[in-house]
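Work through the exercises below with the model open beside you. Try each task before you read its solution.

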Amino acid sequence: MHIGIDARFYGPLAKGLGRYVQKLIEHLEQLDDANRYTVFMRRDAWDMYQPKNPRFTKVLADVAWYTLREQVELPKILKAHKLDLMHFPHYNVPLLYRGQFVVTVHDLILSKYPTRRASTLGPVFYWIKHTAYNHVIRSAIRRSKAVLTVSEYSKQAIIEEFHIRPEKITVTYEAADPLPSVQPSREQEAAVQSFQPYLLYVGNAYPHKNLESLLRAFQIIKQRFNQPLNLVFVGKRDYFYKRLEQLATSLHIEDSVRFAGGVDDEELATLYRHASLYVFPSFIEGFGLPPLEAMRAGVPVVSSNRSCLPEVLGDAVEYVDPSDTEAMATTISRVLANQQLQQQLRERGFRQVERFRWDDLATATLAVYTQVGRLRLRHGILAKPV
């Protein structure tokens, strides 16, 4: 087959979705010597990917996500390459695309946790955007030949929301990468150590992440338990993080909270290595990669007990009800005070993280491509192999 992959999300600029696309392509290159691939990329990530397998070719498709151009121009670009199968790694499949495709739906957060607080748009434009989202994702799932997702929780959510056959959906778990082995500079190391001990959170600050509750739990810890403790947030400083900064100030804990912004891999590795505890209070996730990254770094984890997190994190974390701020504060303090429990969580974490591998994800994805290809051959759609 000639398979296309929409890699406009490729690389760290697109956060978790970008890493999914990058790792999928890297491991498919190692696995597949039978099919031919065209990888469609935007200009800002063009130099990040250099094909290592001669059956992989990259093509410029400099079309922004979630735009009218994506709906109108991207189908023309794809059609010109005469693909047998297209993989869209996100729900934003152009409504006008008429080729055979599979789609990855990572989560239904916008469906299950709709809130205007997750947008800077006014009520009218938010309603228009949300209506468009519902139409596009419903169309993508209905028209696709197969759906991939990243947890059993997300699979069940898709089945319940869109009433599709379970056998149409394949779960392909993501994985956590090892930390960079590069040594940080003395200045970087000293800056991190000066803020110890600290709790760590890595990710965006969208409302479903429940970081306001984490700040309030941290305030309780500071006041009630009088612990010498700080809190570090790592994530691009945007509208949502600025709103969180304002809350920290209103709670009078701003001197103990550091908003590190976006950091490079070396600084992130240093922050992980020196963290006392990683906290993940999210209400809903499709997979929940950051706690796994913390486990790989040897950091004990306190996590929400909602959505896919018990499925992914197993017995390697201490769970808490994310809607109970008092319980969150109590659990965090209890783990911080118990060195033996911390060591147990580290050991369980190392075992748990080994359950997830990117090559398993690529293998399962390739199996879906192959299955769809066989069905097309059976129905005479493919005249001959490429």
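## Exercise 1: A ring pair

Task: Decide whether Tyr37 and Phe56 are buried or exposed, then classify their ring pair.

Solution. Step 1: Tyr37 and Phe56 are both buried. Buried means under 20% relative accessible area, exposed over 50%, and partly exposed in between, with a 1.4 Å probe and protein chains only. Before going on, note that this is a predicted model: local features need pLDDT of at least 70, side-chain atom pairs count only at pLDDT 80 or more, and totals for chains, interfaces and linings use all residues. Residues are numbered from 1 along each chain as its sequence is written, and side-chain values use heavy atoms, with hydrogens and water left out.

Step 1: Apply the ring rule. Rings of Phe, Tyr and Trp (its six-membered ring) pair if their centres lie within 6.5 Å; planes under 30 degrees apart count as stacked, over 60 as edge-to-face and the rest as tilted. The whole structure has 21 aromatic pairs. For Tyr37 and Phe56, the ring centres are 4.3 Å apart and the planes meet at 10 degrees, so this pair is stacked.

Step 2: Tyr37 is in strand 2 (residues 36-41) and Phe56 in strand 3 (residues 56-60); the two are 19 residues apart, and their pair links distant parts of the chain. Helices (H or I, at least four residues) and strands (E, at least two) are DSSP runs, numbered from the N terminus.

Step 3: Look for a ring cluster. Ring pairs join Tyr201, Phe233, Tyr241, Phe259, Tyr272, Tyr278 and Phe280.

## Exercise 2: The cores

Task: Find which residues have the most contacts inside the largest nonpolar core.

Solution. Step 1: Define the set. A nonpolar core is made of buried Ala, Val, Leu, Ile, Met, Phe, Trp, Tyr and Cys residues joined through side-chain atoms within 4.5 Å.

Step 1: Read off the residues. The largest core has 93 residues, and Leu215, Phe233, Tyr278, Leu292, Ile332 and Tyr369 have the most contacts inside it. A second, separate core has 27 residues, including Tyr91 and Ile137.

Step 2: Trace one residue. Beyond neighbours within four places in sequence, Ile332 is in contact (heavy atoms within 4.5 Å) with Leu199, Leu214, Ile221, Leu277, Val279 and Val302.

Step 3: Val232 sits in strand 9 (residues 230-234). Val232 is buried, at 0% relative accessible area. Its C-alpha atom is 6.1 Å from that of Leu199, 33 residues away along the chain.

## Exercise 3: Salt bridges

Solution. Step 1: Set the cut-off. A salt bridge is a side-chain nitrogen of Lys or Arg within 4 Å of a carboxyl oxygen of Asp or Glu. The structure holds 17.

Step 1: Glu73 and Arg69 meet at 3.0 Å, N to O. Both lie in helix 2, 4 residues apart, about one turn of the helix.

Step 2: Go further along the chain. Glu326 bridges to Arg224, with the closest N and O atoms 2.9 Å apart. Glu326 is in helix 12 (residues 325-337) and Arg224 in helix 7 (residues 211-225), 102 residues apart.

Step 3: Finish with a loop partner. Arg296 and Glu354 meet at 3.7 Å, N to O. Arg296 lies in helix 10 and Glu354 in the loop between helix 13 (339-353) and helix 14 (358-378), so the bridge ties together parts 58 residues apart in sequence.
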